[in-house]
Amino acid sequence: RHRCSYIFINQKCSSELLDFYYTVVSGFSPPLKNETIIKYQHEILPLHCLSNYSSYYNYLVQVVYRFIAKSEILLQYTLTYLNKHWPCTDRKKQTLFLREYEDLVVNFDNRMNKEMAFQFFRKINECITNESTDIACTALEILQNPMLHFFVKNNAANLYFMLIISISTVATEHWNDDTRDMAKTTLEVLNQIEPNAYRKAAAKINKINENAFLRNT
């Protein structure tokens, strides 16, 4: 354990090392000691920022899940870290961050409070309007994930307005045909998940557009 900590602190990592470390974490007994939580924050989370992150992504995600399963507080720490260290200039890394975000919600949706839910959907919303087709389509695919439909439904009243505005914009203005088509499909999925919230959000958006048109004329 001490040797692993030394390697992580020196910003080195590999799939093999994380595969081994997963067995170490599996031996931790909940509730985790404060010392172990601090190590997670300062040794495991920073592994997201290393240049070879994509080579060990799947193994890191498994270690992260194992830690969170043993301590609820680590879910908030992880989501906050992903947001704070979002790879703005690396498209491939952004898609991996999005997938990790998705998997965290799928596996721990029962631990997500309203603040964490808003944090998640706000990041998805930002990525929907990205000019990169990879990032935009990944965000749209996440909203279509059947395993997230219940989570989306539970938060629809507060989030549909924000999401529908962004997705509607992509459906009409994005430069890529496939992305526009996926946006239209996502709108249909959201309507099926929670028709009432969708209808209210769409009516509000139409009202805003009508007022803007009247001002311009």
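**A buried threonine and its helices**

Analyst: The side chains of Thr 186 and Gln 144 are joined by a polar contact of 2.8 Å; a polar contact is a pair of N or O atoms within 3.5 Å, where within protein one must be able to donate a hydrogen and the other to accept it, and residues adjacent in sequence count only if both atoms are side-chain atoms. This is a predicted model, in which local features need pLDDT of at least 70 and side-chain atom pairs count only at pLDDT 80 or more, while totals for chains, interfaces and linings use all residues. Residues are numbered from 1 along each chain as its sequence is written, and side-chain values use heavy atoms, with hydrogens and water left out.

User: Is Thr 186 buried or exposed, and which residues is Thr 186 in contact with?

Analyst: Thr 186, found in helix 10, counts as buried because its relative accessibility is 0%; buried means under 20% relative accessible area, exposed over 50% and partly exposed in between, with a 1.4 Å probe and protein chains only. Beyond its neighbours within four places in sequence, Thr 186 is in contact (heavy atoms within 4.5 Å) with Leu 140, Leu 143, Gln 144 and Ile 167.

User: Which residues of helix 8 are buried, and which helices do they pack against?

Analyst: An α-helix has 3.6 residues a turn, so residues three or four places apart point the same way. In helix 8 (residues 133-144), the buried residues are Ile 135, Ala 136, Cys 137, Thr 138, Ala 139, Leu 140, Ile 142 and Leu 143. They pack against helix 6 (91-108), helix 7 (114-128), helix 9 (149-173) and helix 10 (177-193).

User: What caps the N-terminal end of helix 7?

Analyst: Asn 113 does, with a side-chain oxygen 3.1 Å from the backbone nitrogen of Glu 115. The buried residues of helix 7 are covered by elements including helix 5, helix 6, helix 8 and helix 9.

User: At what angle do the axes of helix 4 and helix 5 cross?

Analyst: Two packed helices are described by the angle between their axes and the distance between the axes. The axes of helix 4 (residues 53-70) and helix 5 (residues 73-84) cross at roughly 140° and come within 7 Å. Helix 4 is therefore oblique to helix 5; angles under 35 degrees count as roughly parallel, over 145 as roughly antiparallel, 65 to 115 as roughly perpendicular and the rest as oblique. Val 64, Phe 67 and Ile 68 of helix 4 meet Leu 74, Leu 75 and Thr 78 of helix 5.

Conventions. Axes fitted to C-alpha atoms, helices over the stretch in contact; angles between N-to-C directions. Helix = DSSP H or I, 4+ residues; strand = E, 2+ residues; numbered from the N terminus. Expected span 1.5 Å × (residues − 1).
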